[in-house]
Amino acid sequence: MTIKQDDKRSKQRFIVLGSGFFLLFITMFFSISAGAVHVSFPEITSVFMGAMDGEAYRIIYLLRLPRTIVAGLVGANLALAGCILQGVLRNPLADPGIIGVSSGAGLFAMLIMVLVPEQTILVPVAAFLGAVLATGIVFLLSWERGINPLRMILAGVAVAAFFGGGMSALMIFFPDRIQGTVAWMAGGFQGRSWNHVRLLLPYSVLGTVGTMLFYKQLNALQLGDEVAVGVGISVKRTRVILIVASALLAASAVSVAGLLGFVGLIVPHIVRLLVGSDHEYLLPCTAVYGAILVMGADTVARTVFNPLEIPVGIFMAFLGAPFFLYLLRKGKHK
Amino acid sequence: MTNTSLKMQTVCLKYRDKTVFKDVNLEFLQPEIVSIIGPNGSGKSTILKALSRILTPASGYVYLQNESLQKMPTECVARTISILPQSANAPGDMTVRDLTACGRIPYQTLWGSRTLNDDAAIDEALDITGLTKLQNRLLNTLSGGEKQRAWLSMALAQKPKILLLDEPTTYLDVKHQLELMELIVRLHRECDMTIIMVLHDLNHAARYSTRLIAVKEGIVVADGKVQEVFTVRVLEELYDVQVVVTKIERDGCSYPICLPYTKENY
């Protein structure tokens, strides 16, 4: 009886991860094929087999593939960042917004877009710097011989309010220039290219490697600081490393895709309902499902109302929130 | 064969600016069962935290087998000392075996995963605590007593020589309290383990320990064999109550017991 139960659990984890990779592949295929111009399956395979000419090649190589990859990496980075933060801060409501990433990136991106609109090419860099700066401030405010999780959350709220005030001020003083910023705030992937992939990839790699190295530490931190010290974890150092890693993951994603909320908060929860709180499975599954969610949402958002494109952030909120509530209810009945 | 395992030398302990202990000197042997008793807020748990490096002394040293605890790599310490804090909390969707496996973290390298050695240690810890049959149950389906045993099982998977327990019997009913105390005695006898624990139940402390340490307001009031510390004089001073200390003979064994009462009649 007990052995059966164990089988069921590891089987479910295996199924969740396996079907995750399968879904990722399918979503990627649809994301490449769907759009204003439909690209058929044989055309896609021929391009991937090395055909270097024709319209299909240009559409796939210059437009669809980079956009698909950017969406996938952004989803994975955001979801991982949220998952790590929820574990480190021991707070189920933690997401990249809580350490100041979103507000910092938002204010700095807006500053560029409003004050020097001719330099929009600098938006990703500015957003990244803003995110890192805001996180740094939150860090300083919450430092008390190591990071105090509760203080960090409160400091995050305060810093977000302060930076949010800055954004509101910009909107009030430059009402004629905020049009362009609105789409960025909602988050989206229109016109994302290989440059953006290059921006994201180092952090995704860092995040994945860190994940493989630190899942045991995250599991131990879940048991509380004292137990974690007891099993030989340097709690202060580990916490700093993990928060910095998640800040970089989230900052890279936000700087490329704009303010995509929701992914970092909800995906880890959905995956936790499916595989449990063991970070050995939770982290990789979170990354895979984060990628699927954002990639899929972007595909749908740019095709359903073709030629109109809905910002993917809005679309995801409308689709994901009810689904999350459904899972919560289902989990309660079990 | 007995020798010194843990030693506190002129240790001063502080929480922020509040000094809890000044110049404490304590020595623990291998093996023994020591209970720390004293009123609320006297600093009992603080001593355990210092012994387990959760709290770094403001001055003075804690030595583990003549090496400074602060200078040893933390995972080395974790292979010798286990601690079970007072209010440990784990995600409810963890299994008993998952929790026990966390005790093997100090034996695993950054890259490595679980080995056969780890599995054997986990099996053994589950067996000692009687949880082999419950090993795949989720923690939120367990009773209080089973949960406490699951935590103990995690601590034992660390294969410690020294086990630190902070009020291990809180929230347990009488039967589970006795079972836990007997398990502790067994670990001491069969595995030569040193167990240092904070206990509120004076009768348990007297019955199962080989030595008692009484602390009050940051001062070690008494430290010695049970019959030296478990006296009317020490207990009355310690808790500020009246006490009757007596012995009960049962099946050829004698158990020291005490009955405290307040000065007012009602």
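Author: Let's start with contact: two residues are in contact if their C-beta atoms, placed from the backbone, lie within 7 Å. Keep in mind that this is a predicted model, where local features need pLDDT of at least 70 and side-chain atom pairs count only at pLDDT 80 or more, while totals for chains, interfaces and linings use all residues. Residues are numbered from 1 along each chain as its sequence is written, and chains are lettered from A and ligands numbered from 1 in the order in which they are written.

Reader: How many residues does the contact take from chain A and from chain B?

Author: Chain A gives 20 residues and chain B gives 27 residues. On the chain A side, the elements giving two or more residues are helix H1 (2–33), helix H8 (194–221) and helix H9 (225–230). Helices here are DSSP runs of H or I with at least four residues, strands are runs of E with at least two, and both are numbered from the N terminus.

Reader: At what angle do H3(A) and H10(A) pack?

Author: Axes are lines fitted to C-alpha atoms, for helices over the stretch in contact, and angles run from 0 to 180 degrees between N-to-C directions. Helix H3 (residues 54–88) and helix H10 (residues 235–257) of chain A pack at about 150 degrees, with their axes 8 Å apart. That makes H3(A) roughly antiparallel to H10(A) (angles over 145 degrees count as roughly antiparallel, under 35 as roughly parallel, 65 to 115 as roughly perpendicular and the rest as oblique). The residues of this contact divide into 16 nonpolar, three polar and one charged. Ala, Val, Leu, Ile, Met, Phe, Trp, Tyr, Cys and Pro count as nonpolar, Asp, Glu, Lys and Arg as charged, and the others, Gly among them, as polar.

Reader: Over in chain B, what is the strand order of the open sheet of four strands?

Author: In general, strands of a sheet pair through backbone hydrogen bonds, either parallel or antiparallel. Two strands pair if DSSP finds at least two bridges between them. Here the order is S2-S1-S4-S5 (chain B), with antiparallel pairing. Strand S2 (18–30) and strand S5 (67–68) of chain B are the edge strands, each pairing on one side only. Strand S4 (residues 59–64) of chain B pairs with S5(B) over two bridges, and Glu67(B) in S5(B) is the bridge partner of Leu64(B).

Reader: Which strands does helix H1 of chain B lie across?

Author: Helix H1 (residues 44–51) of chain B lies across strand S1 (3–15), S2 and S4 of chain B, and runs at about 115 degrees to S1(B).
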